[in-house]
Amino acid sequence: MSDLKIRGGKKLKGEITPAGNKNSVLPILCATLLTNEPVTIRNFPELTDVLKLVELLESLGSKIEWNKEDKILKIDNSGFCESFGEEGFPLGMRGALLLLAPLMYRHKELEIKEDIGGCSLGIREIDPHLDILKGLGAKVKNNSTLKITIGDGFQGGNLWQDYMSVTATENFLMAAVVAKVKSVMDNSASEPHVQDLTNFLISMGAKIEGLGSSRLVVEGVQELKGTDFTISSDHHEITTLLALGAMTGGNVRVKNAIPQYFPLINNTFAKFGVEVKYDGDTAYTKSNGKLKVVEPYTKNLLQKVEAAPWPYFPADLMPLMMALAVKAEGSVMFWNKIYEAGFFWIPEMIKFGAHIVMCDPHRVITYGDKPLRPATVDAPNIIRATVALLMVALTIDGESTIRNADTIKRAHPNFVENLTLLGADIEWID
């Protein structure tokens, strides 16, 4: 594990291009298994989670050529294995649930022998994914192991999710596009990365209606073809870079900033007196001097940032806005309506001197613009929470350390190097 050494207090300035969206790359790479024709994926980021999936696919017979410098990956699955043998489905790796539908399409039968895990944010449920597969014609038996079969293929069906699960929606899409009849999902997720996967499948010949909405209608096709597709920019990284420009009093310009996804995010920036402006698709922030929380018209209420499934404000962006709130004069209530453990990393932020009160597992109140000091903190196993600690450390004069910060590499390739190009004094320490 590596630590991050940060010597803060410097204004970040310059122009930067964000990485491709990690949350798009994983399902899209899995979806390439739906065809034996060659597929080219551009703006493909080099991330630890992605590396593991690439290694797994190669070990199972996929032929992969990855030009990491040009961010282009080419994959040919025509030699993919026909079964997993005695070991069963490799569920132990992060993101493996996204392989369920593509592997069922290829193998028609899967046996799962490992327990289901999770991460620091909460348990990752397999039940919604099994419900999706069953709703599209699969049969599930659970004795000493979990066995899933689909006979001669997915049949199609109508489904209504309990909640807007991103990965369950993605498994639905990957199964429904090759089902025998039309399928409909209500209460589907619509995050940018879900839209990326949808556009990728459409480029392969899939017939999907309802892009970006909570109702997806899919007409199954007999087969999908190869394609050449470009991953969209990571809206998490764009938000981080824009916030850092405002927090450090600098001027960071972010290229390929996908403004079509940012109206609500920009409105949230405005709650801290930060205006996001655009020069074409290049975004930058403009603030009127000192960061200050905008007081609501209803004076007896605190300013609020509430996170829920897209198109609501994304829960993954909440730590980044909390970092901004620590620097802004005024108080804000943050309400995470998704993760049951989304705020358990707050004690690490408090080590910098931040004033934050945890009301319950889902709500905290920040009291910003308090004196901050350098500190040594421990990174949680949560990508954006670790990034938030880094953001605050970059604004503090003096040297801070974030121990075991490798989790950043799971979503942001060359992140530290890019921040250095913007003027940050930061380095990895092994």
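Reply: A residue is called buried when its relative accessible area is under 20%, exposed when it is over 50%, and partly exposed in between, using a 1.4 Å probe and protein chains only. This is a predicted model, in which local features need a pLDDT of at least 70 and side-chain atom pairs count only at pLDDT 80 or more, while totals for chains, interfaces and linings use all residues. Residues are numbered from 1 along each chain as its sequence is written, and side-chain values use heavy atoms, leaving out hydrogens and water.

Now to the rings. Rings of Phe, Tyr and Trp (for Trp, its six-membered ring) pair if their centres lie within 6.5 Å; planes under 30 degrees apart are stacked, over 60 edge-to-face, and the rest tilted. By this rule there are 3 aromatic pairs.

Let's start with F200 and F229: their ring centres are 5.5 Å apart and their planes meet at 75°, so this pair is edge-to-face. F200 belongs to helix 6 (residues 192-203) and F229 to strand 15 (residues 228-230), so the pair ties together parts 29 residues apart in sequence. Here helices (H or I, at least four residues) and strands (E, at least two) are DSSP runs, numbered from the N terminus. F200 is buried, with a relative accessible area of 0%, and F229 also counts as buried, at 10%.

Next come Y261 and W310, with ring centres 6.1 Å apart and planes at 80°, so this pair is edge-to-face too. Both partners sit in loops: Y261 between strand 16 (251-254) and helix 8 (263-270), W310 between strand 19 (303-307) and helix 9 (318-327). The pair links distant parts of the chain, 49 residues apart. Y261 and W310 are both buried.

Some rings also have a charge over them, meaning that NZ of Lys or CZ of Arg is within 6 Å of the ring centre and within 35 degrees of the ring normal. K68 lies over the face of W66, at 4.9 Å from the ring centre, and K108 over the face of Y105, at 5.5 Å.

Finally, a word on packing. A nonpolar core is a set of buried Ala, Val, Leu, Ile, Met, Phe, Trp, Tyr and Cys residues joined through side-chain atoms within 4.5 Å. The largest one has 74 residues, and those with the most contacts inside it include the aromatic F272 and F334. Helix 11 gives the most to this core, with 9 residues. Apart from it lies another core, of 70 residues, among them V50 and M104.
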